[in-house]
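Subject: Handover of a protein structure

Dear colleague,

Please find below the structure that I am handing over to you.

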Amino acid sequence: MKRRRLKFLPTFCLATFTTLLLILSIILIVKFGKEKPLPMEYRDIVERVSVQENVPEHIIYAVIYTESSFVSDAISPVGAMGLMQLLPSTAQWLVEREGGEYDESLITDPEFNIENGTKYLKILYDRYKNWDAAHAAYHAGFSRVDSWLEEGTAKYNEEGQLVGIPIDSTLTYVNKLRDVREQYFKQLEREKEENTNE
């Protein structure tokens, strides 16, 4: 009797372990298998500004997420401020070019920041007709991007992506934004489908 129990014990332990492992795998797949949605705060402002400036919502969300992770009073080491990390000099230029009077205390106000950050993105997109180049200019300045393109240091590949960016931090920024804007695009498309099916 004892010998039979001993022979059976390793098989029983192995079967139990395998079953537990299978159950744990299923739990992990259910828990983490679904893509966690990215945040979409300040939705009313983003929707309005998207229409007003003709910049897709997923682009605006991607920049906010990448620049500040939706922290409205974020300040970078170089002094960029707010959700879309505007430099005060850029914000001032944007306001004054439309005949307004600049008030620096507004720069971290979500509405002011998203409106002007999106206006700047639109200016850059109109300049390059390419979101990678617009994002590179948003990060490193348009004069640098102009010179990279003129010199051939950076160029567009067959997919229309800007490659050959010589500044590592800008290259990382553009690559991250490309991924994040794709995630936001898919998320917004899924949401539209769900709303249509309701």
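The protein chain has an average pLDDT of 88, and 82% of the residues score at least 70; pLDDT is the predictor's confidence in each residue, from 0 to 100. Over residues 25-33 the pLDDT is below 50, and this stretch has two contacts in the model beyond near neighbours in sequence. A contact here means heavy atoms within 4.5 Å.

Two notes on the conventions follow. This is a predicted model, in which local features need a pLDDT of at least 70 and side-chain atom pairs count only at pLDDT 80 or more, while totals for chains, interfaces and linings use all residues. Residues are numbered from 1 along each chain as its sequence is written, and side-chain values use heavy atoms, with hydrogens and water left out.

Overall architecture

The protein chain contains eight helices and two strands, in the order α-α-α-α-α-α-α-β-β-α along the sequence. Helices (H or I, at least four residues) and strands (E, at least two) are DSSP runs, numbered from the N terminus. Of the 198 residues, 37% count as buried. Buried means under 20% relative accessible area, exposed over 50%, and partly exposed in between (1.4 Å probe, protein chains only). Among contacts with a separation of 6 or more, 53% come from residues 24 or more positions apart.

Helix α3

Helix α3 (residues 57-68) has 12 residues, which at 1.5 Å a residue should span 16 Å; its end C-alpha atoms are 16 Å apart, which agrees. The expected span is 1.5 Å times one less than the number of residues. Nine of the 12 residues of α3 are buried, so this helix is largely enclosed by the rest of the structure. The buried residues include Ile59, Ile60, Tyr61 and Val63, and the buried residues of α3 pack against α2 (43-53), α5, α6 (131-140) and α8 (168-197). His58, also in α3, counts as buried at 15% relative accessibility. Leaving aside residues up to four places away in sequence, His58 touches Arg181, Tyr184, Phe185 and Leu188. Just after α3, Ser69 takes a positive phi of about 55 degrees.

Helices α4 and α5

Two packed helices are described by the angle between their axes and the distance between the axes. Helix α4 (residues 88-97) and helix α5 (residues 110-128) pack at about 85 degrees, with their axes 10 Å apart. Axes are lines fitted to C-alpha atoms, for helices over the stretch in contact, and angles run from 0 to 180 degrees between N-to-C directions. The two helices are therefore roughly perpendicular to each other (angles under 35 degrees count as roughly parallel, over 145 as roughly antiparallel, 65 to 115 as roughly perpendicular and the rest as oblique). Residues making the contact include Trp93 and Leu94 of α4 and Phe112 and Tyr120 of α5.

The loop between α4 and α5 holds Ile107, which counts as buried at 1% relative accessibility. Ile107 and Gly82 are 25 residues apart in sequence and 6.5 Å apart in space, C-alpha to C-alpha. Among the residues that Ile107 touches, not counting those up to four places away in sequence, are Gly82, Ala91 and Phe112.

Helix α6

Ala140 lies in helix α6 and is buried, with a relative accessible area of 12%. Beyond residues up to four places away in sequence, Ala140 touches Trp148 and Thr170.

Yours sincerely
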